[in-house]
Each structure stands twice: as C-alpha cells, then as structure tokens.
Amino acid sequence: MPRTWLTERFGLTVPLVGAPMAGVSDGRLAAAVSAAGALGMFGVPPSATASWIEEQAQVAAATGRPYGIGLLAWALGDHPEHLDAVLRVRPALVSVSFGDYAPYVEPLRAAGITVAVQAGTTEEAVQAEKSGADVVVARGSEGGGHGRDEVATLPLLQGVLDAVRAPVLAAGGVATARGLAAVLAAGAEGGWAGTAFLGCTETTLSPEGRERLLATGETGTAYGRVFDVAQGLAWPPEYGGRALRNAFYDRWKGREDELARNAGARAELQAARAGRDYDTAYVYAGQAVGTVRRERPAADVVADFAAVDELLGRFATAR
C-alpha cells in the first residue's frame with residue numbers, strides 16, 4: 001500500500017478519507033470507516049446541538065482509531081457551540097469549509113487538531129493554504145453534496161498541486177480503487193470519498209432513499225440550489241449542491257427566487273422528507289453514483305479501495 005502524508009499522519013492502511021456527509025454520516029459510519037483502515041468522518045448539520053456532536057464523537061472514537069468531523073463555516077457564526085463542542089472532543093481531523101473559515105483555523109490547530117479546507121478552485125486552495133490549513137481538499141464539480149460547480153476534479157487537482165505546498169487530497173468522483181489510483185498517481189496524498197459510502201448499512205439514509213440511490217446511474221444527478229432555497233438554508237450562493245435529480249428539482253430549477261417566497265413548496269419538501277418520498281425529497285450524491293450498486297458494510301468499501309495497491313503496482317511494473 002502506498003505510504004503518503006495522509007497514511008503517515010493518521011496511521012492509516014488505506015490513503016482515504018470518508019467525507020463528512022452532514023445528514024447522512026454520523027459517528028457509526030465514521031467509526032466503521034476508521035476501523036477498516038481509512039479515516040472516517042461525520043458532518044455537523046446546521047441544526048445539530050453540541051450534545052449531538054459530543055455523542056457522535058464518542059461513537060466515532062470507540063474503535064480507538066483516528067476520526068474526523070466536518071464543520072460548515074457559514075453556520076458557525078450563529079452556532080459557536082459547534083466549534084466549542086469539537087474543541088472539547090478533539091478529533092484527529094476537522095474540515096471547516098464553505099464560508100469564512102479563516103477565524104476557526106488557528107483555534108483548531110492550537111488544540112492539536114489537523115485542519116482541512118475544501119477548495120473548488122485553485123484560488124480557493126491558495127487562500128486555504130494562506131489561512132494556515134494543514135491540508136487542502138481539491139473538490140471537483142463531480143462531487144456530491146455542496147461545493148462549487150466550476151472545475152472538474154482532474155484539472156482542479158493539477159492546478160492545485162502546482163499552486164500550493166500543503167498536502168492535497170482529491171475529492172469528486174473518487175469512488176473506487178481506480179479513482180484513488182488516478183489521483184495518487186497525479187500527486188495527491190489521498191482520496192476524499194463520500195458517494196462511495198452512501199450505500200453502506202452504517203449511514204443514516206432511509207431504506208427508501210438507499211433504494212433510490214442504488215437505482216440511479218451516472219447521469220442521474222443534478223447541481224443547483226433548489227433544495228437549499230426550499231429549506232431557507234443560508235448556504236453561500238456559490239456553493240450549490242449535487243443531488244439525485246427528481247421531479248421537485250426539475251419543477252423549480254431556474255425559479256429559485258419564486259421558490260424562496262413559496263411557503264407551500266417548503267411545506268411540500270418537509271412533508272416529503274418525513275414521508276420518504278424521493279420524487280420530492282433529496283439525496284445528495286455525486287456523479288460516481290452509478291458505481292454504487294448494492295448495499296454493503298463500510299468495511300467492504302474500504303477493502304475495495306485497498307486494491308489501489310495492485311493498480312499502482314501494475315503501473316510501476318509497466319514503467
């Protein structure tokens with residue numbers, strides 16, 4: 001298995017981070033990914049309480065392996081208790097991204113926590129390094145969940161690797177050992193994968209949502225702000241979300257200003273989420289969703305990623 005900054009920093013056997021998917025990943029998924037030899041994370045939704053963060057951290061830490069937590073920079077101003085809770089539990093890695101993250105980098109580092117910042121452009125990556133981030137995540141537009149939709153992973157990764165000296169992880173479309181081998185060969189210190197774990201038994205995704213996910217092919221996602229606007233979430237407008245395309249998205253795409261004033265649409269989305277109706281409710285996922293074909297444990301997904309060793313060995317032999 002290749003040894004990289006990521007594996008050495010956290011004592012991993014696979015150079016991979018399980019992305020902090022707020023609303024889908026909690027301490028159970030983070031623990032399963034970490035126990036299998038990668039680094040698991042859970043994401044903190046804006047509505048989370050400090051006690052929830054501490055409870056999930058306890059679950060994630062139970063294996064004795066390093067784990068991480070993902071924070072939303074735009075939400076921390078209204079929820080300083082999120083940062084306070086994270087500083088109390090002290091995970092090995094914290095991702096703080098999407099908004100003004102700079103004020104939070106040094107407090108986290110001062111607590112002995114490795115800080116990652118996700119970047120969707122090379123300019124963002126340079127700013128992340130200047131802020132003091134320990135590692136930059138080059139997140140391409142293929143990725144599921146929130147981020148920029150401006151540059152695909154491969155061109156972004158090349159630009160970021162040339163522009164920064166900090167270690168770089170690659171996110172967006174990294175869903176199998178082949179994808180991980182590609183970004184490692186390009187110079188990344190590891191992969192950052194979310195969609196690959198969406199079919200896992202340890203996620204909080206409902207059975208109906210998982211069924212919808214497993215039936216979706218590679219062209220079945222769409223990027224935009226429809227679901228955020230419908231919920232009244234204060235995501236910065238440059239960070240839309242990639243999710244499974246559905247009837248609600250198609251109806252409101254391009255009509256976001258009208259949607260923001262439509263209380264009925266918001267109630268419809270809330271009811272659909274409660275009723276697990278995924279013609280209206282959302283499942284965030286990336287373009288690699290077509291590679292997720294069956295429900296299985298996170299340990300099996302990490303084991304599949306471990307085949308990167310054979311792929312890179314084949315490359316070395318060919319040379």
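Let's start with a close pairing in this predicted model: arginine 148 makes a salt bridge with glutamate 150, and their closest N and O atoms lie 2.7 Å apart. In total, the structure contains 14 salt bridges.

**A link between distant parts of the chain**
- Arginine 212 forms a salt bridge with aspartate 279, with 3.0 Å between the closest N and O atoms.
- This pair joins distant parts of the chain, as the two residues are 67 residues apart.
- Arginine 212 belongs to helix 10 (residues 207–214), whereas aspartate 279 lies in the loop between helix 14 (263–275) and helix 15 (298–305).
- Arginine 212 is partly exposed, at 27% relative accessibility, and aspartate 279 is partly exposed too, with a relative accessible area of 39%.

**Another pair, and a network**
- Glutamate 258 pairs with arginine 255 in a salt bridge whose closest N and O atoms are 2.9 Å apart.
- Here glutamate 258 is partly exposed, with a relative accessible area of 36%, and arginine 255 is partly exposed as well, at 31%.
- Elsewhere, salt bridges with shared partners connect Arg9, Glu106, Arg109 and Asp134 in one network.

**How helix 2 meets helix 3**
- The axes of helix 2 (residues 27–35) and helix 3 (residues 50–61) come within 7 Å of each other and cross at roughly 20 degrees.
- Helix 2 and helix 3 are therefore roughly parallel to each other, because an angle under 35 degrees counts as such.
- Their crossing is right-handed.
- On the helix 2 side, the contact involves Gly27, Arg28, Ala30 and Ala31, and these meet Gln56, Val59 and Ala60 of helix 3.
- Sorted by class, this contact between helix 2 and helix 3 has four nonpolar residues, two polar ones and one charged residue.

How values were computed:
Residues numbered from 1 in each chain as written. Predicted model: local features only at pLDDT ≥ 70, side-chain atom pairs only at ≥ 80, totals over all residues. Heavy atoms only, no water. Salt bridge = Lys/Arg side-chain N within 4 Å of Asp/Glu carboxyl O. Helix = DSSP H or I, 4+ residues; strand = E, 2+ residues; numbered from the N terminus. Buried < 20%, exposed > 50% of the residue type's maximum accessible area, 1.4 Å probe, protein only. Axes fitted to C-alpha atoms, helices over the stretch in contact; angles between N-to-C directions. Parallel < 35°, antiparallel > 145°, perpendicular 65-115°, else oblique. Left-handed = near helix turned anticlockwise from the far one by under 90°. Contact = heavy atoms within 4.5 Å. Nonpolar A, V, L, I, M, F, W, Y, C, P; charged D, E, K, R; others polar.
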